[in-house]
Structure formats: C-alpha cells, structure tokens
Amino acid sequence: MIPIGPTVLVVDDHELVATTLVLGLRAEGLDARTCAPVTATAQEGPGLVLLDLDLGRDARGRRLDGVTLVEPLRARGWTVLVLSGTADRARVGAALAEGAVAAVPKAAPFPRLLAAVRAALAGGEAMSDARRRELVELHAQRSVERRALAARLGSLTPREREVLAHLAAGHRAQAVADTFVVSLATVRSQIRAILTKLGVSSQLEAVALYRKAAPPDGVL
C-alpha cells in the first residue's frame, strides 16, 4: 500500500519498537517514519508525532524527557499523541497539559492506536474529555505537592541538604561524619535539625520526602 496523507513521525529511543510501529502504520496506508529523539524538534510539520516519554539519554548522559518536547514540536506544526509505557499517570497528564492531544499506552492493541492516530490526523477526538481532564488534574495536583515539598526542603541549609542526600543514598551517620570530617555528634545534630525543619519524626520519613521531591537524575 502506497503511503498517503500527512506524515506520522515516531519518536522513540527503542529502534525495534519504532520500526515495528512504522511498518504497521505504513501497512495501513499512512506515511510513517522514525525520528531520533535528539533531532525531533528540528523536524518541520505539519503531521502527527507519536511520542514516547522515556527517551533514554543524550550524548552527555542527560535524561531525555518526552514531556519537554511537546511544546517545541507543536511550535513546529506537529500534532502530538503520546505513546508511552510509563506507569506515572501524572507524567502523561503533564504532556497533555503541554498540548498533546491524547495518550495511548504502549500495551494497547494496535487497532486502538490506529484509531487514535486516524482521529488525531482528522482533527477529531482521540481521547475522551473526561480521561484527559482526569490526567491533567492529576498532574496539577502532583505539581502542587512538589512545590510544597520543595519549599520544605528549601528550609534546609546547604550542609543539611548534603547530609540528607547522603542518608538518601543509604549512608549511615558515621559514614557521613567521615565524609565531612566532623564528629558523629555534629552529624546527629544536623539530622535532628533536618527532621525538625521537614516536620517528620524519622530519618526514613525525611529520606522518603527527599526521594519524592528529587528529579530523576542527580540530587536536589
């Protein structure tokens, strides 16, 4: 079948997945092709982008988040449909909030994806308003929680944040003391200050807050 119509751009860091999708879409008469995540925003629309959210890492080892590509792709004239295996519904909501028209899980049957693709290309409803609203609201709620956590963590001194980062990495108080060449009593005093400022009663709770607020890469 000769592909016709607008381009469908598949942006996924897994070559096998991307190629399989392209072959399947071409068999349905769609003009589909793959595109590397790092060059996606340089492509000119119009057309439809099937966008994964977990796109591996760039040449510098930095994590590539598909959510950050939604707005630049739309600015280039693309309609964006999220196709991701992430279990984090708030991340999907973030992509929708940025302007993606719909989201389909990678585990969905191919006919479901094809129907969403055709609907998006036709400017129709590729996702129910209720489902879209649910995910966007979940993202908004998560954003509020993250800002509140960031404010609590922002009350810590730079050294207290370093101590907490070490605790989150699984280091014991004595190891932290050895790292900073201070007494164990000093580190324990810093830990007490951390617990008080964060409003928690244990190191486990403090570490849980830190991990919840931390970005996927690195420390806060």
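## Arginine 142 and helix H5

Arginine 142 lies in helix H5, where helices (H or I, at least four residues) and strands (E, at least two) are DSSP runs numbered from the N terminus. The model is a predicted one, in which local features need pLDDT of at least 70 and side-chain atom pairs count only at pLDDT 80 or more, while totals for chains, interfaces and linings use all residues. Residues are numbered from 1 along each chain as its sequence is written, and side-chain values use heavy atoms, with hydrogens and water left out.

With a relative accessible area of 27%, arginine 142 is partly exposed; buried stands for under 20% relative accessible area, exposed for over 50%, and partly exposed for what lies in between (1.4 Å probe, protein chains only). Not counting residues up to four places away in sequence, arginine 142 touches Asp88 and Ala90, contact being heavy atoms within 4.5 Å. Arginine 142 and glycine 93 are 49 residues apart in sequence, and their C-alpha atoms are 9.9 Å apart in space.

Leu135, Leu149 and Leu153 are the buried residues of H5, and what covers them includes H3, H6, H8 and H9.

## Helix H3

Helix H3 (residues 89-98) is mostly covered, with seven of its 10 residues buried. These are Ala90, Arg91, Val92, Gly93, Ala94, Ala95 and Leu96. The buried residues of H3 pack against strand E4 (54-57), strand E5 (63-65), helix H2 (67-75), strand E6 (78-84), strand E7 (102-105) and H5.

Glycine 56 lies in strand E4 and is partly exposed, with a relative accessible area of 30%. Leaving aside neighbours within four places in sequence, glycine 56 is in contact with Asp13, Arg62, Arg63 and Leu64. Its C-alpha atom is separated by 8.7 Å from that of histidine 14, 42 residues apart along the chain.

## Helix H8 and its surroundings

Helix H8 (residues 184-198) has 15 residues and reaches 21 Å from its first C-alpha to its last, close to the 21 Å expected at 1.5 Å a residue. Its buried residues are Val187, Gln190, Ile191, Ile194, Leu195 and Leu198. Seen down the axis of H8, these fall within an arc of 140°, so they line one face of the helix; the arc is that of the directions from the helix axis to the C-beta atoms. On the other side of H8, Ala185, Arg192 and Thr196 are exposed. Helix H5 (129-153), helix H6 (158-168), helix H7 (173-180) and helix H9 (203-213) are among the elements that cover the buried residues.

Just after H8, glycine 199 takes a positive phi of about 70°. Valine 181, in the loop between H7 and H8, has a positive phi of about 55° although it is not a glycine, and is exposed with a relative accessible area of 71%. Most residues other than glycine have a negative phi, and most peptide bonds are trans. The peptide bond from glycine 45 to proline 46 is cis, with omega near 5°, and proline 46 lies in the loop between strand E2 (30-35) and strand E3 (47-51).

## Nonpolar cores

A nonpolar core is a set of buried Ala, Val, Leu, Ile, Met, Phe, Trp, Tyr and Cys residues joined through side-chain atoms within 4.5 Å. Of the 45 residues in the largest nonpolar core, Val11, Leu25, Leu50, Leu51, Leu73, Leu81 and Leu113 touch the most other members. Helix H4 (residues 110-121) gives the most to this core, with six residues. Leaving aside neighbours within four places in sequence, leucine 113 is in contact with Leu21, Leu50, Leu81, Leu83 and Val104. A second, separate core of 23 residues includes Leu153, Val187, Ile194 and Val207.

Valine 17, in helix H1 (residues 15-27), is partly exposed with a relative accessible area of 34%. The C-alpha atoms of valine 17 and valine 187 are separated by 49 Å.

## A charge over a ring

Arginine 159 lies over the face of phenylalanine 180, at 4.0 Å from the ring centre; a charge sits over a ring if NZ of Lys or CZ of Arg is within 6 Å of the ring centre and within 35 degrees of the ring normal.

Notes. Expected span 1.5 Å × (residues − 1).
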